[in-house]
Amino acid sequence: MNKAVLFGLTSIISLLAFVPTLINAQSGASIPGQIPEIQEQISGTINPPIPTPGQEVTITLKAFGTDLNRATITWTHNNRESLKGTGEKEFKFTASQIGKTDTIQAVIQPTNGPSVTKVFRLSPSEIDLLWEASTYTPPFYKGKALFTPQADVTFVGVPNLVSNGSRSSPDKTIYKWKVDFQVQGDKSGYGRNTFKYSGAIILRPHVFQVEGYDSNNPDVIATSKTLLEAAGPVVNIYEDHPLYGLLFNHALIGSFRMDDREKKISAYPFFFSTSNKNLDVSYQWNVNDSAVQVPPTQNSMSFQKTSKDSGEASVNIRINSTEKLLQEAFAYVALYFNGNDGLFLRQ
């Protein structure tokens, strides 16, 4: 047979084999009708995404290709019908207590087309976010050591996750740490319930967040966040009494009258990056605007009355961190002496 004739017959056969496909594609049948696996893309957003027990939760439906405003939507909460109507795209409910799961089902029936069912499961849980700054406070101080510029701070996540009646162990919980909503991947993971952070030179508040996941049940999740802003270091001046010792119950502020012949005062730093009042800090004393030549680790001064005119002496103390540039504090006190006695600085 001639090769040209053979090529023509082959082309005709190939064209005839392809014709049914072309006709079928132009017949008007929709692709989803031919492929049952393809369904309308209907999604739901949960606000807040990770609810806490007793919190009001809102689920909102969104769709592409379906007019939800004309669809009949039925909402059930834990197998009980709670809401039904046309265009009911939003459903609100109160989250259950810890250890219980909320199952929300939305059945969407479009005006023409098959119904679509969306199921949402939420297991409200809690996680406490604690923090502790590595800054100095004097003995017997009952307050919290504050976070100051360039200081180190440690965060601890304490989860309260319950799944199937069992409480998740903190060391078997998965933690995700975030700083200013950026995930800290190298510090997150299984059992990593602590997060350490070093303050930067740029002074601005930061948002710290932790998420805890039950390693055996991904539906059990909790989150907590806090806004942490650096405070300023502080220095307080106290009287060092010869009989009672340091009087930490009363800081000397403004003015201080010399009723005794001799007084000793001590300066104590607050919230500096040190574990001891004499480590990594330097003291600079000034009396009547004149620098006092003492060792930089000396945190106390003694004063005695002498036979001079009455008046006052201004005492200034400045404390600087030797390691952290931005950690500095200043305090002032005026010492009054009366009668014909003057004041003598006893280093």
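A: In strand β21, phenylalanine 270 is the bridge partner of valine 234, where strands are DSSP runs of E with at least two residues and helices are DSSP runs of H or I with at least four residues, numbered from the N terminus. This is a predicted model, in which local features need pLDDT of at least 70 and side-chain atom pairs count only at pLDDT 80 or more, while totals for chains, interfaces and linings use all residues. Residues are numbered from 1 along each chain as its sequence is written, and side-chain values use heavy atoms, with hydrogens and water left out.

The part to look at is strand β18 with its partners. β18 and β21 pair in the antiparallel sense over six bridges, two strands being counted as paired if DSSP finds at least two bridges between them. β18 also pairs with strand β19, residues 245–251, again in the antiparallel sense, over three bridges.

Lysine 263 forms a salt bridge with glutamate 239, the closest N and O atoms being 2.8 Å apart, where a salt bridge is a side-chain nitrogen of Lys or Arg within 4 Å of a carboxyl oxygen of Asp or Glu. This pair links distant parts of the chain, with lysine 263 in β21 (residues 262–270) and glutamate 239 in β18 (residues 234–241), 24 residues apart. Lysine 263 counts as buried because its relative accessibility is 8%, buried meaning under 20% relative accessible area, exposed over 50%, and partly exposed in between (1.4 Å probe, protein chains only). Glutamate 239 counts as buried too, at 10% relative accessibility.

To set this pair in context, a search of the whole structure finds five salt bridges. Among them is the one between lysine 178 and glutamate 211, whose closest N and O atoms are 3.1 Å apart. Here too distant parts of the chain are linked, since lysine 178 belongs to strand β12 (residues 173–179) and glutamate 211 to strand β16 (residues 206–214), 33 residues apart. Lysine 178 is buried at a relative accessible area of 15%, and glutamate 211 is buried at 7%. Aspartate 180 counts as partly exposed at 23% relative accessibility, and arginine 204 counts as partly exposed at 45%.

Returning to β21, the loop between β21 and β22 (281–287) contains aspartate 280, whose phi is near 60°, a positive value in a residue other than glycine. Aspartate 280 is partly exposed, with a relative accessible area of 35%. Asparagine 78, in the loop between β3 (72–77) and β4 (80–86), likewise has a positive phi, near 50°, and its relative accessible area of 33% makes it partly exposed. A cis peptide bond, with omega about 0°, joins asparagine 47 and proline 48, and proline 48 is found in the loop between β1 (41–47) and β2 (56–64). For reference, most residues other than glycine have a negative phi, and most peptide bonds are trans.

Antiparallel pairing is also found in an open sheet of three strands, ordered β8-β9-β15. Its edge strands are β8 (126–133) and β15 (194–198), each of which pairs on one side only. β8 and strand β9 (residues 152–160) pair over eight bridges, and glutamate 132 has threonine 154 in β9 as its bridge partner.

For the protein as a whole, there are two helices and 27 strands, and buried residues make up 38% of the 347 residues. Of the contacts with a separation of 6 or more, 61% are between residues 24 or more positions apart, contact meaning heavy atoms within 4.5 Å.
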